[in-house]
Amino acid sequence: AIDSPRLRVTRPASSLPAKMWGDSEGAYSLTSSDDLSKCLYQTTGPAHIPYNDSRWQQLLLHYDRLVHLHSATISTHDDVVGTACAQCAKYSATSSNLAALTLHISRMLRDLQSDLEHYSNNNNNEGGDGKYRITIIGKARATCGALNLLRLLSHETIVQACDSGKAQDKTNTTTNNQDGANYYSEQPTAADNDMNYLLKESFTYRSRQSSGSGDQENDAAVQIISSMMLFLSTVGKTTTTTAINTPEIISIPEIYDVIVQILSLLLVLLSTQLYQPMVSSAEAAESEIPHGNFFLDKFMEYSSWQRQNYRTQQHHDNGAINEPMAFLSSCLNWLVDRPAPPRRSIASHYVELTKAVAHQMTDLVLSNDGMYEDSCVVMAAAPKNEHDDGTSSTSALHLQTTSNDKSTTHNLTTVALGTDDSVALSSKGHISGDVSSLKRRSIVLQPIRSILLLSSTVLLLPIRLVRLAFTVLGRKQHAILPGDVSKDDHSLFQQIQTNCEKSSWNKTNNILLLTDSPIADLSTALILQVTNNYRAQSVNGRNALRNPFRVELASLNDTRWGKDVATRQSDSSLLPLSSTVGDSQAMSLSINFESLFEAFGRICHTELGALTLYTMLLSSPIFAESVAARSDLDLVIIPLLRSLYFSSVMKHVKLLQKKGSGGQKTPFQLLSQTDKPYRSQSQLYVILILLLIFSQDPSFGRDSFRRVSIPAVQWYKERQIKAISLGSMILVVLLRVITFNLNMLHDEFLLSNCIAVLLNLSPHIVQLHKYVATRITFVTISCFKRYLVLLAENGGIPEEEGDLSSPLGMHGEACRTFLQLIKHSVRPRCVEDNLHLVYALLVEQRDIQKICQHASMKQGDLAPIIDLIQRANNIIEQHGTGRSAAEAMQTLKLHSSELKSDTGDNRGRTSSADSVTSEATDLGNLTFTYEEEADPEVFFVPYLWDVIVGALTTSTLEWSREKILVFPLNEDTETLPHDNGTNNAVEKTEFDNTPDVV
């Protein structure tokens, strides 16, 4: 946390403020002379400490401070945690101390799990409830502190082991080149790669006692994995058994924090994959050199063994648990229920801190739907309407400016903790003038002052959130008050900037995720981790282990349908046939599909939610069928479209010279990130893949235009849209994305998926919204004009057929797609329902006819479009009574039957139409389907880690960003351009008032 000498804390004399449990101030002020520091140095040093040594008990009794330890601070003096982590990484393989700590925590988890089961089973018994509750709280606190310590030590050990593995790989290469022999065959002691060997040694406890006293070796990695799996399975079972138990277990702050710590620890243990180059299970099986991920392999092997063991014993042991199924059940139920962290929990404290940063320190705009419009602050779940539960959605932690005596030289700001008391913080010199005169866009007082207030010794804001706050400020330059920055503020900023550089903070695309349920989001990330790895079933007889979690999802049933549900796949299923997997078993995983679908409606606007929806559709055929049969798909489609919409904002950027700055650059500009309107381009891929999966079902196209109507689209800025069909809304957003892609990205994959979705919907376009009809015509003309410019630059030589690798080819393919879309929309069967498009074509007939007659556009028969325009002209000339748009539309409606005659096929049925890919494709069979790549892990696993590091855990966990290898990192931190040392400011407009200039 930031410690400012100019900030003093005054507390009410009555009592201290009620806050999260534990000694957070003691943890942040830890010094080398403290008793806890001495214990940490001893237990992480080179000397072996036996499992039964009393020093372990002395260490774990400091749980109230252990639970608040962090691995990153601004100041570098007395970095006790950093020193302990470095010692542990260096000596754990020989001392067995990390393994001993892991075994202690495994025992503590099993003990706590047993008490939770007992508490749940005897919850209705009088007399024993208070006793067990106190026991559970005490054990949960000790377990929570131990888990946090293990997470910190394990992460550094994993990072150093991966570094050693990379060095070992270089040695292997050199040895092979010089000696001509295979290093692995000559060194059987490192049969696995060096990283796996080091982690195996670090998490294997070897007793120094004499033989005969028991086992000499103990695999602590398997012990901690099995203990965490059993704990999560038990908690999930006890919280979903009855309605009475649900609030009891999860509402205990310490239990909630234990679950968060377990989920965080699991992510850290799986991060062996994060710090290595991406190697999929299929690639590892085909490679002659073993390449594994220690904890991921252990986790999958244990889960597969446990599931198989359950299947063989379920007829003999009624108490047996299918842990993979129970684990998935717990995570899915948390995804649906999204349990909020209880008051006084550590998780609740961090939830409120992130909200305070977003609400009080930024000038970001909240849309009418209650969510942020900027990609740097994202809500993990769409806010519920206040009338749903009768509660207000205001943050419990906020800065509230209070009036003071005008004669004083400082301003008083009250930080309301939302608990029992409030703490008054006062500081001088951060701002001059009357506080009440400040506008909302000036943030609260000053950006630096706001950070100081939030990072006081009461709130203890970690450096992670400080970085995020400055990241947000850096992207919103116009929100900063003009004027000079004080020396103290500048010095503080320099410390933060230095910390960002040392930690490679800007190497990843970081956003501020406002979660309402840390358990739900962390468990969702784990679902994605375990289901998107180990996808190769059998390659050359190796790595043939079936993913037990994916097998469980393949048999996922709806609790409303009962257990005997056929796993057949209908012709209209959203799931590709190649993805169908099945596994017959007596009991299968089940959840309420209605609740699950509604939950996706709240979270699929996020990267994590979209990935989870994709995974469920591709891995669970029954769930995919239930989604295909729904008539309210707009619940998930609209959030996806919203994300696409705000991810394709084109902004004007102007460099304006600031006057009176003395020629010096303000420090806030140094932290500015790239001006992309999205966090990751992969998010656009996933959303478009989902739209393609939905659109490949013919019933979706029909329903989206005929049955599903949206009363109003609150987040659309360019036009106030009311009473629009879902299909029309998809079209207008896709047109925007294509335009954005052609101007900014030039992404072939993005364009091809947009084209596929448009052509899948084209046979079903009816009752097209008048605004969308205008947009189709306008974008077609703009795209064609740009195509002519590119064609001239290419010497008049047209692109090769199907070439999307050049801007010329992309614009040509987009033009042909738009023309096919228009042609399908005005065929005889649909022309009466799309008169707005006919009128739009009539208005722009000169340009449209020129496009249709161009040589490069004649791959399809476009004569029906020209004939339709001529016929509409004749109707207006013969029957029209005025020149206004309303009169012209009325004339077309009265004589719409004349538009159908002699336009293509007179039978009112389309027999064939040309597409952008084939001139002989029947219109009724024009369907583009999605098929996964042969090795989908190569894309989804790196992207998932990118989401975890840059979005999900940015404000809660520290990662060694500079050593990440599984996904590409950003280049050096970008700075705003400047001219000869002159200060420049960036002025941005949120939305382009002249959009779609292709």
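**Cavities, a pocket, rings and a helix**

Biologist: How is the lining of the largest cavity divided by class?

Modeller: Its residues fall into 17 nonpolar, 11 polar and 4 charged. Ala, Val, Leu, Ile, Met, Phe, Trp, Tyr, Cys and Pro count as nonpolar, Asp, Glu, Lys and Arg as charged, and the others, Gly among them, as polar. The model is predicted: local features need pLDDT of at least 70 and side-chain atom pairs pLDDT 80 or more, while totals for chains, interfaces and linings use all residues. Residues are numbered from 1 along each chain as its sequence is written, and side-chain values use heavy atoms, with hydrogens and water left out.

Biologist: What makes a space a cavity rather than a pocket?

Modeller: On a 1 Å grid over the protein atoms alone, a 1.4 Å probe fits at the points of a cavity but cannot get out, whereas a pocket is an open set with protein on both sides within 12 Å along at least five of seven lines. A residue is part of the lining if it has an atom within 4 Å of a point. The whole structure has 10 cavities of 30 Å³ or more, and the largest holds about 450 Å³. Among the 32 residues that line the largest cavity, Val260, Ser264, Ala347, Tyr350 and Thr956 are the closest to its centre.

Biologist: Which helix gives the largest share of that lining, and what makes it a helix?

Modeller: α16 gives the largest share, 5 residues. Helices are DSSP runs of H or I with at least four residues, and strands are runs of E with at least two, numbered from the N terminus. α16 covers 346-360, so its run meets the requirement for a helix.

Biologist: What is known of the second largest pocket?

Modeller: Its volume is about 930 Å³, where a volume is the space filled by probe spheres set on points joined across faces, edges and corners. Of its 29 lining residues, Ala382, Pro383, Gly601, Leu635 and Pro639 are the closest to the centre. Two or more residues come from each of α15 (323-337), α23 (593-603), α26 (634-646) and β12 (709-712). The largest share, 6 residues, is from α23.

Biologist: How do you know that α15 is mostly covered?

Modeller: Of its 15 residues, 12 are buried, including Phe327 and Trp334. Buried means under 20% relative accessible area, exposed over 50%, and partly exposed in between, with a 1.4 Å probe and protein chains only. α15 also reaches 21 Å from its first C-alpha to its last, close to the 21 Å expected, a figure defined as 1.5 Å times one less than the number of residues.

Biologist: Why is the pair of tyrosine 302 and tryptophan 305 called tilted?

Modeller: Rings of Phe, Tyr and Trp (its six-membered ring) pair if their centres lie within 6.5 Å; planes under 30 degrees apart count as stacked, over 60 as edge-to-face and the rest as tilted. The search finds 23 aromatic pairs. In this one the centres are 6.1 Å apart and the planes at 40°, so the pair is tilted. The two residues are 3 apart in helix α14 (residues 294-313), about one helical turn.

Biologist: What puts arginine 736 over the ring of tyrosine 645?

Modeller: A charge sits over a ring if NZ of Lys or CZ of Arg is within 6 Å of the ring centre and within 35 degrees of the ring normal. The charged end of arginine 736 is 3.9 Å from the centre of the ring of tyrosine 645 and sits over that ring.
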